[in-house]
Amino acid sequence: MTIKEAVRARHMVRKFTDQPIPGDSVRLLEKRIEENNRNYNLNLSLVTGNGEGLSKIAKLLLAKGVNNYFILAGEDTPDLDEKLGYCGCDLILYAQTLGLNTWWVGGMFSRKGAEKNMDKIAGRINGIIAVGYGATQGVPHKSKSADEISQYKGTAPQWFKDGVDALLCAPTALNKQAYMVKGEGRKVSLTCTNGHFAGIDLGIGKYHFEIGAGKENFQWVQ
């Protein structure tokens, strides 16, 4: 499975089996994490074999079998949330290509539990992503239409339409899909108005749009 195929195959999963992630897959995930940390100056990490990064209320009400997770952390810069969204999205889709399932936990994580399992504390932690073998593969959620989240000046080229289609598959907090993507020529802008989660969702959205549209076909503008 490719990353592009993973965009449509991935669905949120909150209940996981007790099957451990194989060593080969762990090493591939850690290599991917290292690349993201190096390229974006982050402090992402992978924890296996315990669920301490998940809050007690999430364990009680929502989740089952969460024993592995990515920690989303980095130096507290103005663009940190966007970078965490972008690189976290890379990790969930890459995990999907390895046959794994994920749940972007967002606000229902334990900061103390996550910090306890990090090799080093650097900057701010803004969530975890549960990863493992889902009890199911999840199901698609209700989605907005392309017209509701996009505008193009003139006749939209196919790459723009493909980018919007991929954007509609992006996971967002509370499934709000609070995006507006605008295009003119080869210039594209993307905004997100999802309150506290806007930065994370913006990074996720940009990653998805790039996968669908092809980074070589356009440039981001403010």
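Predicted model: local features only at pLDDT ≥ 70, side-chain atom pairs only at ≥ 80, totals over all residues.
1. Turning to the overall fold, the secondary structure of the protein chain consists of 8 helices and 8 strands. The protein chain is as compact as a globular protein of its length, because its radius of gyration of 17 Å is close to the 17 Å that the globule rule gives for 222 residues. Along the principal axes, the C-alpha trace spans about 50 × 35 × 30 Å.

2. Of the 222 residues in the protein chain, 52% are buried, while the accessible surface comes to about 11100 Å², with 50% of it belonging to carbon and sulfur atoms. When contacts between residues at least 6 apart in sequence are considered, 74% of them join residues at least 24 apart.

3. Tyr179 belongs to strand β6, which covers residues 179–184, and Tyr179 counts as buried because its relative accessibility is 4%, under the 20% cut-off.

4. Which residues is Tyr179 in contact with, leaving aside its neighbours within four places in sequence? Among them are Glu148, Ile149, Leu167, Leu190, Cys192, Leu202 and Gly205. Glu148 lies 31 residues away from Tyr179 along the chain, and the C-alpha atoms of the two are separated by 8.7 Å. With Gly205, a polar atom of the Tyr179 side chain lies 3.3 Å from the backbone nitrogen of Gly205.

Key
Residues numbered from 1 in each chain as written. Heavy atoms only, no water. Helix = DSSP H or I, 4+ residues; strand = E, 2+ residues; numbered from the N terminus. Rg over C-alpha atoms; globule rule 2.2 N^0.38 Å. Buried < 20%, exposed > 50% of the residue type's maximum accessible area, 1.4 Å probe, protein only. Contact = heavy atoms within 4.5 Å. Areas by Shrake-Rupley, 256 points an atom, 1.4 Å probe, with all protein chains shown as cover. Polar contact = N/O pair within 3.5 Å; in protein donor to acceptor, adjacent residues only side chain to side chain.
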